[in-house]
Amino acid sequence: MFLLSDDLASLRRELDAADSATAVLQARCEALGLPGGPLVRARVEPCDGVADAAVRGGLRAAPEEVLACRKVRLVWGDHTLSRAVNWYRPERLTADMRRRLAETAEPFGVVARPLGYRRVRRETRLVEEAGRPPYLHCRATLETPDGEPLALVEEIYPGE
């Protein structure tokens, strides 16, 4: 989608400076007046696998702590804006937040926003491979105001 792929440098700056990737995407779609809104939505896909030691360590999760995974495509109408895998600590969410993540197309960032998390960038890099348009690969931790990790996200922009 031209919205993301034509200007990866400014997208990178915006994502690195923002606490919510969803809010960045929402603002870009609105500013361009793209059809398909009015909201960025999450198309949830199966999330296979078990959190590995790096994920558990990044979330500072105890060995017995249950972690959840949400794999999504963030979309605006029929346009895929990004793909993301989000490992998170469900016990740090309210029961209503857990229900909304399980039953709705709301992005994680929208659902968890009342917790006042901040996005801590771990890595943002431009990937250029032969035969494929360039894309951004981002990794970040979402931390609650008490400094506790809430989620680890890995994202690809654009998602198509």
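Is C47 buried, partly exposed or exposed? C47 counts as partly exposed, at 24% relative accessibility, where buried means under 20% relative accessible area, exposed over 50% and partly exposed in between (1.4 Å probe, protein chains only). The views below come from a predicted model, in which local features need pLDDT of at least 70, side-chain atom pairs count only at pLDDT 80 or more, and totals for chains, interfaces and linings use all residues. Residues are numbered from 1 along each chain as its sequence is written, and side-chain values use heavy atoms, with hydrogens and water left out.

**View 1. The disulfide between C47 and C69.** A disulfide, meaning a pair of cysteine sulfur atoms within 2.5 Å, joins these two residues with an S to S distance of 1.7 Å. The torsion about the S-S bond is about 50°, so the disulfide is right-handed.

**View 2. The cysteines C29 and C138, each in no disulfide.** The cysteine sulfur nearest to that of C29 belongs to C138 and is 16 Å away. C29 is buried, with a relative accessible area of 0%, and C138 also counts as buried, at 1% relative accessibility.

**View 3. The largest nonpolar core, with 19 residues.** Such a core is a set of buried Ala, Val, Leu, Ile, Met, Phe, Trp, Tyr and Cys residues joined through side-chain atoms within 4.5 Å. The residues with the most contacts inside this core are L11, L15, L136 and Y157.

**View 4. The surroundings of Y157.** Leaving aside neighbours within four places in sequence, Y157 is in contact (heavy atoms within 4.5 Å) with residues including L25, L81, R119 and C138.
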